[in-house]
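Here's a quick walk through a model, helix by strand. Have the structure open while you read.

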Amino acid sequence: MSITTDARELQGEIARFRHELHQEPEIGLNLPRTQEKVLKALDGLPFEITLGKSTTSVTAVLRGSAPHASATKPAVLLRADMDGLPVQERTGARFSSKIDGAMHACGHDLHTAMLAGAATLLAERRDQLAGDVVLMFQPGEEGFDGAGHMIREGVLEAPGAGLMPPMGCTSFPPWSRMAGSAPNQG
Ligand SMILES: [Zn+2]
């Protein structure tokens, strides 16, 4: 089946996961319940998992098993931020935040759920991947230097050699950006 068909099949599951995250937002660098949910979503998939020491980050590495011509395997890093904001939710959504004074008002619940979806799709295609994929589930994006914590703890060295800059890096030329958007059907 095509990756698009598989992605469509996952849509309901990804939306459910996003709602779960949305109902229980956590703020800052310490997101234990969010980390737990991410680990549950990755459970059973062939990722090498490393948990943050100074934060509740999750680094998950998928070793591609397709043969590659060069001696150095390429690696790609995909990142999702996981933290919410100190905002009171008044949207009336059926999956509204259950935490007083905290809300996923910046879409990090979407980012996290989408990256978990990508984890499933990539894991199913592991034998077609000539390099490694690093998933970076990052806490503390909203002004807490979460990325800095993860870099100092070695996220960029996680695959070994050959890591490309993280997606969304502003030094990328516009044609190489891979982020996308679509009407929210969650
Ligand atoms: Zn944000």
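Start with the bend: α1 has a kink of about 45°, centred on Q11. Keep in mind that this is a predicted model. Even with that kink, the 21 residues of α1 reach 29 Å from first C-alpha to last, close to the 30 Å expected at 1.5 Å a residue. Which residues of α1 are buried? They are I14, F17, R18, L21 and H22, and what covers the buried residues of α1 includes α2 and α3.

Next, the sheet. It's an open one of four strands, in the order β1-β2-β4-β3, and the pairing is mixed. β1 (48–51) and β3 are the edge strands with a single partner each, so one side of each has no neighbour in the sheet. From one strand to the next, the twist averages 15°. β1 and β2 run antiparallel and are joined by four bridges; E48, for instance, has V61 in β2 as its bridge partner.

| Helix | Lies across | Angle |
|---|---|---|
| α2 | β1, β2 and β4 | about 15° to β2 |
| α3 | β2, β3 and β4 | about 145° to β3 |

Technical notes:
Residues are numbered from 1 along each chain as its sequence is written. This is a predicted model: local features need pLDDT of at least 70, side-chain atom pairs count only at pLDDT 80 or more; totals for chains, interfaces and linings use all residues. Helices (H or I, at least four residues) and strands (E, at least two) are DSSP runs, numbered from the N terminus. The expected span of a helix is 1.5 Å times one less than its number of residues. The bend at a residue is the angle between axes fitted to the seven residues ending there and the seven starting there. A residue is buried if 20 or more other C-beta atoms lie within 10 Å of its own, exposed if 12 or fewer, and partly exposed in between; C-beta atoms are placed from the backbone. Two residues are in contact if their C-beta atoms, placed from the backbone, lie within 7 Å. Two strands pair if DSSP finds at least two bridges between them. Axes are lines fitted to C-alpha atoms, for helices over the stretch in contact, and angles run from 0 to 180 degrees between N-to-C directions.
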